[in-house]
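I'd like to walk you through one structure, so let me put it up on the screen.

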Amino acid sequence: MELAGLSVAQAITRVYDNSKYPRALICCGPGNNGGDDSSFNDNDLIVDAIFGFSFSGEVRQPFGQVIQRLKGTNLPIVSVDIPSAWDVEKGNIDNRGFTPSMLVSLTAPKLCAKHFNGKHFLGGRFVPPELERKYELNLPSYPGSDQVVDITNAPNEKL
Ligand SMILES: NC(=O)C1=CN([C@@H]2O[C@H](COP(=O)(O)OP(=O)(O)OC[C@H]3O[C@@H](n4cnc5c(N)ncnc54)[C@H](O)[C@@H]3O)[C@@H](O)[C@H]2O)[C@H](O)CC1
């Protein structure tokens, strides 16, 4: 989990210069995808760590209010693993969620990432090679000791 968090931080600093975006609001949910909450005011960027791959169905309260606020914001949103309220496989069905500016997929992109066209990083550099082979994950190479790899222009069928 710490390595996943490091990946997210590294991906954000690649795209959002810390001098221009010094304050980030981290929106966290009840599962492993997050664990914190704060105010929307006085921030430059929002990190959406509300729901990850165990999200299903329609958003239950009190999270519905948070998703509505995120739908209305003009601030850039960086989603962790899954844009919250998106169907994990089908994406933003019935426009229930928002479209983030950037997505940091962890371990491997989930099917919903096929419906995302913004800046896309892969993080979570902790998959043992034998598991990668067993599940035919076909993960891209991480440069040097980087914790993230930019997969914005990677063809969907290769992920
Ligand atoms: N397991 C791994 O290999 C790794 C996972 N990582 C991160 O963990 C999340 C998945 O975590 P998990 O706890 O399984 O699920 P969520 O974070 O999605 O939280 C589930 C949480 O949400 C509630 N919930 C589900 N549906 C709804 C709904 N419709 N409305 C309201 N609330 C809902 C549910 O009850 C639970 O409380 C994964 O995506 C990664 O971000 C890391 O990558 C490390 C490796």
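This is a predicted model: local features need pLDDT of at least 70, side-chain atom pairs count only at pLDDT 80 or more; totals for chains, interfaces and linings use all residues.

Let's start with I46, which stands opposite I77 in strand β3. The strands involved here are β2, residues 45-49, and β3, residues 77-80, and they pair in the parallel sense over three bridges.

Stay with β3 for a moment. I77 and S79 point one way from the strand, while V78 and V80 point the other way. In a regular strand, side chains alternate between the two faces of the sheet. Are these four residues of β3 buried or exposed? I77, V78, S79 and V80 are all buried.

The protein chain has a mean pLDDT of 91, with 92% of its residues at 70 or more. For the complex, the predictor gives an ipTM of 0.96 and a pTM of 0.93.

How many residues surround the ligand? There are 17, and the closest are N33, G52, S54, S56 and D81. Sorted by class, that shell holds eight nonpolar, six polar and three charged residues.

F53 contributes through its backbone, where a polar atom sits 2.9 Å from an oxygen of the ligand. As for cover, the ligand taken alone exposes 880 Å², and the protein buries 76% of that.

That's my tour, and I'm happy to go back to any part of it.

Key. Residues are numbered from 1 along each chain as its sequence is written. Side-chain values use heavy atoms; hydrogens and water are left out. pLDDT is the predictor's confidence in each residue, from 0 to 100. A residue is near a molecule or strand if one of its heavy atoms lies within 4 Å of it. A polar contact is a pair of N or O atoms within 3.5 Å; within protein, one must be able to donate a hydrogen and the other to accept it, and residues adjacent in sequence count only if both atoms are side-chain atoms. Accessible areas come from the Shrake-Rupley method with a 1.4 Å probe; for residues, only the protein chains shown count as cover. Ala, Val, Leu, Ile, Met, Phe, Trp, Tyr, Cys and Pro count as nonpolar, Asp, Glu, Lys and Arg as charged, and the others, Gly among them, as polar. Buried means under 20% relative accessible area, exposed over 50%, partly exposed in between (1.4 Å probe, protein chains only). Helices (H or I, at least four residues) and strands (E, at least two) are DSSP runs, numbered from the N terminus. Two strands pair if DSSP finds at least two bridges between them.
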